Amino acid sequence: MLRIRVILLASLAVITAAPVTSGDRPSSFTESEISRLKSAKSLMAAGDYENAHALLLKMYREVLSSTSARTEQQKLLGQAKIRLGDYDGAIAALTNVIDFPRTDRTMALINRCYAYLQLNLVLDAQRDCSEARRTVERNNAIRSLNEAPQILRDYHQISLNMVDAELLLRSGQAERALEVLNEAASLVEESELRGRLQMQDYWEVILFQAEVMGAQGMSGKALKLVDRVLGLVPDRDRHEVLNARAAILRRIGNIDGAAAAWAEAYEVGPPLG
């Protein structure tokens, strides 16, 4: 089964622009809280999830200045736990965010959906995804001053499409899943042209798109997308793209090409153990 890729911290321009949740005032946070939340986000963006988790866990044990500060801390803690594979812990943290009043629950619902999927709790995932979809559709329809800015709307829609695609794949609707991923990729490209997002921060969308294409026999298009991703991906994640390339090549019988891609993935990948 294809592994879902959710944009947890795809773009620092989106996530670190302000540490407050929708509708909050900067005064909801102390200077120390703002500094530590920004540090945690930067660590996660750099792939240092262990230290980000440690920082957020320390904040968890403290009395914070406001519900808004606690919400942001729990939201980031949930994201860090997902990256570290602690899906039960992620669900607990994200549930805290969802249960807080007057908070932007959209990404918490999407990320909790992802965590549920990793535990094969598909019905719970479907429930969260449906609620997140209603919120995204409402925000896109209203477009009022009280709603999220367009850069966050794009971020929410792309992330929602990713989990939607995984749910569709699990129900055997591969063609529809690819349509959803194509929509996400088109939105990334449109947002980049308008200066809102950067394609290099959303390479996982394109890679997921390529993997689904490869599984449906569109190997030529899939390999072109993989080559495109190789020009975007950070060095720390290059092995993941090479593994995807190898899987596509093996599926079409190019064993030598697959072996070469796997060998390169092993060479550039993270150390084992």
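## Helix α4 and the residue after it

Gly 85, which lies just after helix α4, adopts a positive phi of about 85 degrees. Helices here are DSSP runs (H or I, at least four residues), numbered from the N terminus. The structure is a predicted model, in which local features need pLDDT of at least 70, side-chain atom pairs count only at pLDDT 80 or more, and totals for chains, interfaces and linings use all residues. Residues are numbered from 1 along each chain as its sequence is written, and side-chain values use heavy atoms, with hydrogens and water left out.

Helix α4 covers residues 67–83, and its end C-alpha atoms are 25 Å apart, which agrees with the 24 Å that its 17 residues should span at 1.5 Å a residue; the expected span is 1.5 Å times one less than the number of residues. Of the 17 residues of α4, 15 are buried (under 20% relative accessible area, 1.4 Å probe, protein chains only).

## Packing of α5 against α6

The axes of α5 (residues 87–99) and α6 (residues 106–118) come within 9 Å and cross at roughly 155 degrees. Axes are lines fitted to C-alpha atoms over the stretch in contact, with angles from 0 to 180 degrees between N-to-C directions. The two helices are therefore roughly antiparallel (over 145 degrees).

Residues in this contact (heavy atoms within 4.5 Å) include Leu 94 and Ile 98 of α5 and Leu 109 and Arg 112 of α6. The contact residues comprise eleven nonpolar, three polar and one charged; Ala, Val, Leu, Ile, Met, Phe, Trp, Tyr, Cys and Pro count as nonpolar, Asp, Glu, Lys and Arg as charged, and the others, Gly among them, as polar.

## Surroundings of Arg 36

Arg 36 is placed in helix α2 (residues 31–45). Not counting residues up to four places away in sequence, Arg 36 touches Leu 55, Met 59 and Glu 62. Arg 36 and Met 59 are 23 residues apart in sequence, with their C-alpha atoms 8.5 Å apart in space.

Methods
Buried < 20%, exposed > 50% of the residue type's maximum accessible area, 1.4 Å probe, protein only. Parallel < 35°, antiparallel > 145°, perpendicular 65-115°, else oblique.
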